[in-house]
Amino acid sequence: MKTAIVNLGQIVSGDWKNPLATGDTILTDGDRIVSVGTASTQAVEAADVVIDAGGMTAIPGLIDSHVHITFGDFTPRQNTVGYLESYVHGGTTTCISASEVHVPGRPSDPEGVKALALAAQRCFASYRPGGMRVVAGSVILEPGLTRADFDELKRKGVTLAKAGFGAVKTAYDYVPLVADAKAAGLLTTCHTGGSSIPGSGAITGDHLLKMHPHVSFHINGGPTAMPDADFERVILESQIALQVCTAGNLRTTLLCARLAERHNAFDRFIIATDTPTGSGIMPLGMLYTIAHCSSLTDMAPERFICAASGSNAKVYGLDSGFLTPGKAADIVLLDAPDGGTQSTALAAIKHGDIAAVGAVMTAGVPRFVGRSRNTPGTTRKARVTSSRVTRDFS
C-alpha cells in the first residue's frame, strides 16, 4: 500500500541534532518511508491512501524502551487485556521488553530463563497488537548462565539480556554475566536505583560502572532513584545509555537531562515508561515524560521527541525512529489539544500540555485517522481524502 500524508505543518525528524525537517509531505510504500519533504501532484495521486494532516505535526512513532510484556496483549501485573493496543493510541508504535520478569511463576534456573526469553521472542516475532511492533525476549541474568548459553540465544534470535532480578548475592556478581552476554552480541540492560519488586535489589552508580551494561534502565529511579552524585559519574565515566522512565523520579529525570546536555551526552539520553508496573498502565506515558522534560527545562520539545524515538532506535539498533527515506513507516500526527492555549503540538508540549494524537501509522498501515481514544481532541482535523483501500481508518 502506498500512502501520502500531505499538508503537514511541521515534521520532527527523530535526529535530535537536526530535529526539524523541511517540507509538508511524507510518502510511504509498503512498510517503508519513500520521501520526506515535498512530492509531486502525480506522486500524491498515485497513492492508495491520501491523508490530509490539516497542518498537524508529524513525528516518528515513539519507541518505549522499557515495557514489561509477558505473552500476548495482557499484563498480569495489572490484570488488564489490550494495554499494548491502547499504547498505540498514545503514539507508541514500538515497545521493547524489559525482560519477561512479570510472567507468573517465572523460572530462575538457566534453562528456564533461556526458554522464557526464546518463547517471548518467537511469540512476538510477527504478532503486532494494534499494529505495534514488540521487541521481546530479554534473558534474565541468573547465576549459572554461561557464554555458551548467550551464544545459543543469540543464534536463535534473542538480542537482549537483563541484570537486576537474578538470584545473585550482590549486584557485583552481575559483572561476569554482563561481560559474557555482551561478548555474545546481546544488548545488555540493568535495573538501576532501589529495589522495585521482590527479587530485585538496589543498584547504584558504582555497580553500573563495574558492569558497564549498554543501558541503565530507569536511571531516574524505578521507582526509587540512586544518589544524585552517581548521575554525573555514570555520564562522565561510561558510555552507558541513560534511560529515564515515566514511572520513576521526575526530579532526577530533569537532573539527568540537564547533566546529559551539559556534558555533551544527550545522544545517550533516552525515554521510556517502565510500565506496566505498580505505577500502572500508561498509554500516554511517553507523551507525559516528553512534556515534563520540555516544559521544566530550557530545551526544545523536539529534542525530547527525538530522545523518545530516534535515540532509542540508535541504542537498540532498530530500523524505525526517524522520518527519513528507507526507515520503517511508523508515523504519528500530533496537534495542540482542543481547548488549549497553544497553537501547535510543539508549543503545547513546551507549555506542559499533553499533545493530542490525530493519527497513527505503523508498518505503513494507518491504524486510525481522526482522533486517539486516549488523548484530548486535536485542534486541527486529520482526514482521509482519498482511498483505494477497503478499510475504515476511523
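Predicted model: local features only at pLDDT ≥ 70, side-chain atom pairs only at ≥ 80, totals over all residues.
Is His218 buried or exposed? Let me start there, everyone. His218 counts as buried, at 3% relative accessibility. By buried I mean under 20% relative accessible area, with exposed being over 50% and partly exposed in between, using a 1.4 Å probe and protein chains only.

Residues are numbered from 1 along each chain as its sequence is written, and side-chain values use heavy atoms, leaving out hydrogens and water.

Back to His218, then. His218 sits in the loop between β16 and α7. For element names, helices (H or I, at least four residues) and strands (E, at least two) are DSSP runs, numbered from the N terminus. The phi of His218 is near 35°, which is a positive value in a residue other than glycine.

Asn220 has 0% relative accessibility, so it counts as buried. What does the side chain of Asn220 reach with a polar contact of 2.8 Å? The partner is the side chain of Thr253. A polar contact here is a pair of N or O atoms within 3.5 Å; within protein, one must be able to donate a hydrogen and the other to accept it, and residues adjacent in sequence count only if both atoms are side-chain atoms. A polar atom of the Asn220 side chain also lies 3.3 Å from the backbone oxygen of Asn249.

If you click through the surroundings of Asn220, skip its neighbours within four places in sequence, and you will find it in contact (heavy atoms within 4.5 Å) with residues including Phe231, Gln243, Cys245, Gly248 and Thr252. Both Asn249 and Thr253 are on that contact list as well.

Pro223 belongs to the loop between β16 and α7. There is another cis peptide bond, from Thr275 to Pro276, with omega near -10°. Pro276 is in the loop between β18 (269–272) and α9 (285–295).

For those of you who like backbone torsions, have a look at Ser99 too. Its phi is near 90°, positive in a residue other than glycine. Ser99 lies in the loop between β11 (92–97) and α3 (110–123), and it is buried, at a relative accessible area of 0%.

Now, α9. This helix has 8 of its 11 residues buried, so it is largely enclosed by the rest of the structure. Among the buried ones are Met286, Leu287, Ile290 and Cys293.

That brings me to the cysteines. How many disulfides does a search of the whole structure find? It finds 0, taking a disulfide as a pair of cysteine sulfur atoms within 2.5 Å. Cys256 is in no disulfide, and the nearest cysteine sulfur, in Cys293, is 9.1 Å away. Seen from Cys293, the closest cysteine sulfur is that of Cys256, and 9.1 Å is too far for a bond. Cys256 counts as buried at 0% relative accessibility, and Cys293 is likewise buried at 0%.

On to helix packing. α3 and α4 (residues 147–156) pack at an angle of about 15°, and their axes are 11 Å apart. Axes are lines fitted to C-alpha atoms, for helices over the stretch in contact, and angles run from 0 to 180 degrees between N-to-C directions. The two helices are therefore roughly parallel to each other, a label for angles under 35 degrees, with over 145 being roughly antiparallel, 65 to 115 roughly perpendicular and the rest oblique. Residues making the contact include Leu118 and Arg122 of α3, and Glu152 and Leu153 of α4.

Thr385, in strand β22 (residues 383–387), is partly exposed at 39% relative accessibility. Its C-alpha is 5.9 Å from that of Ile51, 334 residues away along the chain. Beyond four places in sequence, Thr385 touches Val50 and Asp52.

Then there is Ala359, in strand β20 (residues 356–362), which is buried at 5%. Ala359 and Met56 are 303 residues apart in sequence, with 9.8 Å between their C-alpha atoms.
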